[in-house]
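Hi,

Here is the model I promised to pass on to you. Please have a look at it first, and then read my notes below.

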Amino acid sequence: MTDGSLSTDLRIAVNRLSRTLRAQKADTTVTDAQFSALARLHRDGAMTLAELSRQDGVTPPSMTKTVAVLVERGLATKGGHGDDRRKVRICTTPTGSAFVEETRRRRDDWLTPRLAELTHAERATLAEATEIMRRLAQQ
């Protein structure tokens, strides 16, 4: 297999798996961008719009729209920063946290039985590949 072929095959496989896992949301009307921001807030805690934009790799205007929808749907709230009145901190609501946890549960429920069908050697290979893919994603 050539590097170009591996690149193509890996890209296609990752995209297909990612698309399937993303579809396992507790509410499919929440977009991937909205879920990404909500999950980051759930995992990392409250942050400013600028911090959230930077962490998610999107522009502040794009994140402003995303956060507005999350707030409108009751999944996140905006509150004062404390030190700087000009800044606003965004955090998940209990409903938003429950949504993230339910979505993660659904994704695990979809993936776990499929992994169980693999041989021990195949699961070990996937564990190694997971570490390699993490490194690739950080570059």
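Which residue with a positive phi follows helix 4? It is Gly74, whose phi is near 80°. Before I go on, a word on conventions: this is a predicted model, in which local features need pLDDT of at least 70 and side-chain atom pairs count only at pLDDT 80 or more, while totals for chains, interfaces and linings use all residues. Residues are numbered from 1 along each chain as its sequence is written, and side-chain values use heavy atoms, with hydrogens and water left out.

**Helix 4**

Helices (H or I, at least four residues) and strands (E, at least two) are DSSP runs, numbered from the N terminus. Helix 4 has 13 residues, and from its first C-alpha to its last it reaches 18 Å, close to the 18 Å expected at 1.5 Å a residue. That expected span is 1.5 Å times one less than the number of residues in the helix.

I call a residue buried under 20% relative accessible area, exposed over 50%, and partly exposed in between (1.4 Å probe, protein chains only). On that basis Met63, Thr66, Val67 and Leu70 are the buried residues to look at in helix 4. Seen down the axis they fall within an arc of 95°, so they line one face of the helix; the arc is that of the directions from the helix axis to the C-beta atoms. As a reminder, an α-helix has 3.6 residues a turn, so residues three or four places apart point the same way.

The buried residues of helix 4 pack against helix 2, helix 3 (49–56), strand 2 and strand 3 (88–92), where contact means heavy atoms within 4.5 Å. On the face turned away from this buried side you will find the exposed residues Pro61, Lys65 and Glu72.

**Helix 3**

In helix 3, Leu52, Ser53 and Asp56 are buried. They cover an arc of only 100° around the axis, which puts them on the same side of helix 3. Their cover includes helix 2, strand 1 (47–48) and helix 4. Ser53 is worth a click: its relative accessible area is 2%, and, leaving aside neighbours within four places in sequence, Ser53 is in contact with Val58, Thr59, Pro60 and Met63.

**Salt bridges**

A search of the whole structure finds eleven salt bridges, each being a side-chain nitrogen of Lys or Arg within 4 Å of a carboxyl oxygen of Asp or Glu. I picked out a few for you:

- Asp32 pairs with Arg22, with the closest N and O atoms 2.8 Å apart. The pair links distant parts of the chain, as Asp32 is in helix 2 (residues 32–44) and Arg22 in helix 1 (residues 3–22), ten residues apart. Asp32 is partly exposed at 37% relative accessibility, and Arg22 is partly exposed at 32%.
- Asp27 pairs with Arg73, and here the closest N and O atoms are 2.5 Å apart. Asp27 lies in the loop between helix 1 and helix 2, and Arg73 in the loop between helix 4 (60–72) and strand 2 (76–80), so the pair ties together parts that are 46 residues apart in sequence. Asp27 is partly exposed, at 24%, and Arg73 is partly exposed, at 35%.
- Asp44 meets Arg40 at 3.8 Å, N to O. Being four residues apart in helix 2, they are separated by about one helical turn. Arg40 is buried, with a relative accessible area of 16%, whereas Asp44 is partly exposed, at 41%.

Arg40 and Asp44 also belong to a network of salt bridges with Arg43 and Asp56.

**On the surface**

Leu6, Leu10, Val14, Ile132, Met133 and Leu136 make a nonpolar surface patch of about 470 Å². Helix 1 and helix 6 (120–138) are the elements that give two or more residues to the patch. Patches are made of residues with over 30% relative accessible area and no salt bridge, with like charges joined within 9 Å and nonpolar side chains (Val, Leu, Ile, Met, Phe, Trp, Tyr) within 5 Å; the areas come from the Shrake-Rupley method with a 1.4 Å probe, and for residues only the protein chains shown count as cover. Val14, in helix 1, is partly exposed, with a relative accessible area of 32%.

Best wishes
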